[in-house]
Amino acid sequence: MFRLQSLCFLFIILLPLASSEMEAIEVLQRRLDSKRAPASVQEAAAKALLGRVFPTHVSSFEFKIISKDACGGYSCFWINNFNISSKKGAEIMIKGTTAVEIVSGLHWYLKYWCGAHISWDKTGGTQIDSIPIPGSLPAVKDEGVMIQRPVPWNYYQNAVTSSYSFVWWDWKRWEKEIDWMALQGVNLPLAFTGQEAIWQKVFKTFNISEEDLNDFFGGPAFLAWSRMGNLHGWGGPLPQTWLDQQLALQKQILSRMIEFGMTPVLPSFSGNVPAAVKKIFPAANITRLGNWYTVSGDPRWCCTFLLDPSDPLFVQLGEAFIREQIKEYGDVTDIYNCDTFDENSPPTDNPEYISLLGAAVYKAMSKGDEDAVWLMQGWLFSDDSAFWRPPQMRALLNSVPFGKMIVLDLFADVNPVWKNSSQFYGTPYVWCMLHNFAGNIEMYGILDAISSGPVDARLSQNSTMVGVGMCMEGIEQNPVVYELMSEMAFRSEKVELEGWLLSYSRRRYGKPVSEIEEAWRILDRTIYNCTDGIPARNKDYIVEFPDWDPSLRPGVSTSKQSRVNLLLNETRIFSSTEMIFSLPQPHLWYSTEEVIHALRLFLEAGNDLEGSLTYRYDLVDLTRQVLSKFANELYLKAVIAFQHKEAKSLSVAAEWFIQLITDIDTLLASDENFLLGNWLESAKSLAVTPNELMQYEWNARTQITMWFDNTETNQSKLHDYANRFWSGLLEGYYLPRASTYFSHLLTSLKENRAFELEEWRREWISLSNKWQAGTEHYPVKAQGEYPYYC
């Protein structure tokens with residue numbers, strides 16, 4: 001009877017997909033299942049994870065791989081009592097169709113029966129004090145608990161996460177991340193590490209030397225954009241030691257993913273080639289792309305070369321790259337990522353031409369792997385919707401056989417493309433949460449969209465949804481958002497948020513605290529209820545200081561109220577790819593008064609939660625958020641004072657703004673999760689030679705500050721895009737920037753002369769260049785206590 005109910009349930013969840021579509025997806029799933037590690041290997045991998053994460057309870061659980069038939073033909077995990085009266089042996093049996101399902105079942109049990117919590121170490125880590133001692137674990141109901149995946153895949157990563165978050169990781173950190181992935185149910189992770197070493201081998205067979213690649217690969221912190229053909233050479237060249245290290249690391253990463261039963265997504269050829277290809281193959285159809293946000297179009301890193309997919313050489317290179325990966329890693333996947341048109345539009349919007357391009361890209365994959373499936377980030381459809389109109393979208397998406405392309409609806413949490421594209425015109429897609437840009441630290445989320453969006457998409461008419469995904473540009477922030485999104489991989493119905501958040505707060509801190517629970521109710525309707533559709537870029541004035549002249553324009557009213565109105569009316573939100581010359585407006589979508597009240601409640605709970613690392617992280621982060629928004633107000637007061645030629649008021653507001661930078665730096669220094677030093681030291685730890693040490697530190701410093709090139713009087717067009725609220729960065733970089741700016745404003749008032757924006761830029765850019773090339777050390781351990789005086 002139970003098996004019949006399970007089959008009926010499975011039929012209901014998958015009903016929206018047409019039978020032909022379902023057949024293509026099922027064929028793909030069966031083929032990928034056949035590549036999985038043996039059951040014994042997966043069971044051992046799950047047991048090893050248990051030993052790393054909960055070593056005191058290794059003997060308390062038994063794990064077993066089961067077939068999909070035991071789950072009604074779908075992926076699932078089962079939680080059963082094993083020998084609940086045992087005081088020494090196993091008490092709970094967890095079965096799953098892969099090790100990922102087993103470990104997800106373990107996580108589910110620890111959360112919902114033991115009140116435990118697991119997040120990234122840098123967001124407070126784990127709360128496991130609530131787990132009973134071995135021999136005392138709570139029983140589940142007699143018949144056990146089965147949870148099925150409503151969709152096959154849970155995807156993880158963005159093409160740029162490898163640069164914003166993973167770039168300086170060693171195997172020790174990667175092992176933790178893969179454990180985290182498994183616990184969250186991720187079974188389709190991007191695996192981009194080490195691909196430059198593969199390309200080096202491939203290009204060598206096409207007579208392209210290692211020297212030819214020196215200005216092709218970007219530096220370690222900029223490889224994501226080098227891979228996408230946005231830039232070349234910036235931050236490079238890559239040392240051979242880096243290439244060798246990363247290839248060896250990739251093999252460890254893939255090996256562990258396979259042990260867990262994951263399907264890694266490997267890179268494929270997108271058309272980006274070194275300049276030398278044009279010389280060696282003069283007849284090849286190669287286009288030099290336009291300027292991607294360089295200040296002056298410097299050819300040392302601007303304007304990359306794109307091999308047209310219709311050229312026979314494209315297929316040859318694409319096939320060679322796939323085959324070289326299979327040679328190095330084995331036959332570990334059939335799914336390959338390619339984003340040829342990500343921020344690089346085709347030369348024409350002719351649908352027939354676009355269809356030919358798409359077919360050629362897929363041909364290059366399938367020549368290397370006859371079962372290849374093209375996984376494509378759907379960012380282009382949101383980012384460049386003016387180009388990708390319905391005829392162009394349909395031409396690209398339908399250019400490959402059905403079942404041979406999967407699209408990531410990358411920004412579905414804010415701008416779901418599936419709704420306006422007839423379900424991607426029949427192409428299978430993954431409902432993804434983008435959430436974070438550039439690793440910025442900002443409390444932000446849309447919990448309601450996450451808790452309902454994937455369910456609405458899956459149950460919509462003619463749905464082609466085949467997965468959920470987390471596609472953030474940077475990780476290790478907003479743990480509540482990622483815990484909820486991970487659960488949607490196993491939830492067939494919408495989540496009731498009020499009850500879920502109550503449970504979350506008790507799990508995260510280990511016990512119920514009334515003040516904390518009320519605070520989370522406030523955060524749910526404020527910070528985590530952003531419905532304005534604006535991307536989550538942190539543009540607070542401390543971390544993205546405006547590069548503008550605030551002087552009044554001729555003929556503009558000078559009353560204070562009109563100044564405030566002018567500022568509010570002229571400010572605008574701008575995307576990461578714009579350069580502004582007017583005052584930007586930091587993103588504010590909630591009542592600051594309510595959030596300040598939530599902070600007071602957090603502070604009142606301090607005695608009850610003393611010693612809790614998860615509480616400490618959240619308290620520091622929330623205080624940072626409140627103070628940063630207050631700094632925005634102070635900045636506007638300073639600007640208004642300058643425009644009214646009130647030097648004293650300007651001086652007071654500027655002093656308060658600068659003092660807040662110091663206060664926030666002191667606050668962040670009290671928690672190891674907010675330290676610049678850890679980022680820099682992890683970069684330096686990978687260096688083998690003194691030159692590499694300087695290069696890697698410059699890469700690490702530059703990415704989070706100026707980002708790209710500048711001149712003596714023009715900042716990078718991407719400056720502060722990857723800003724961070726890290727102790728050390730505030731006092732060492734953001735503070736001198738604000739100080740010099742306000743100093744120039746005050747001088748212009750005292751000397752009754754115009755504000756010289758270019759003069760300030762010259763001074764600041766010189767200081768920035770020196771800081772980027774600096775080698776001074778920053779702490780890697782927390783200093784001081786939480787500064788309650790803030």
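Me: Where does A605 lie?

Reply: In the loop between helix 21 (592-604) and helix 22 (613-643). Helices here are DSSP runs of H or I with at least four residues, strands are runs of E with at least two, and both are numbered from the N terminus.

Me: What sort of model and numbering is this?

Reply: It is a predicted model: local features need pLDDT of at least 70, side-chain atom pairs count only at pLDDT 80 or more, and totals for chains, interfaces and linings use all residues. Residues are numbered from 1 along each chain as its sequence is written, and side-chain values use heavy atoms, with hydrogens and water left out.

Me: Back to A605. Buried or exposed?

Reply: Buried, at 0% relative accessible area. Buried means under 20%, exposed over 50%, and partly exposed in between (1.4 Å probe, protein chains only).

Me: What is A605 in contact with, beyond its neighbours within four places in sequence?

Reply: V513, E515, I516 and Y615. Contact means heavy atoms within 4.5 Å. I516 is 89 residues from A605 in sequence, yet their C-alpha atoms are 6.6 Å apart.

Me: And H435, where is that found?

Reply: In the loop between strand 14 (429-433) and helix 16 (447-459). H435 is buried too, at 3%.

Me: What does the side chain of H435 reach?

Reply: The backbone oxygen of Y444, at 2.8 Å. That is a polar contact: N or O atoms within 3.5 Å, where one must be able to donate a hydrogen and the other to accept it, and residues adjacent in sequence count only through two side-chain atoms. Beyond four places in sequence, the contacts of H435 include D413, Q477 and A536.

Me: New topic. Which strands pair with strand 3?

Reply: Strand 1 (residues 61-65) runs parallel to strand 3, with 5 bridges. Strand 2 (residues 76-81) pairs with strand 3 in the antiparallel sense, also over 5 bridges. Pairing needs at least two DSSP bridges. I65 stands opposite G96, and N80 stands opposite M93.

Me: Why is strand 3 largely enclosed?

Reply: Because 4 of the 5 residues of strand 3 (residues 92-96) are buried.

Me: What about the sheet with order 8-10-9?

Reply: It is an open sheet of 3 strands with antiparallel pairing. Strand 8 (272-273) and strand 9 (286-288) each have a single partner strand, so one side of each lacks a neighbour in the sheet. Strand 9 and strand 10 (residues 305-307) share 3 bridges, and I286 has L307 as its bridge partner.
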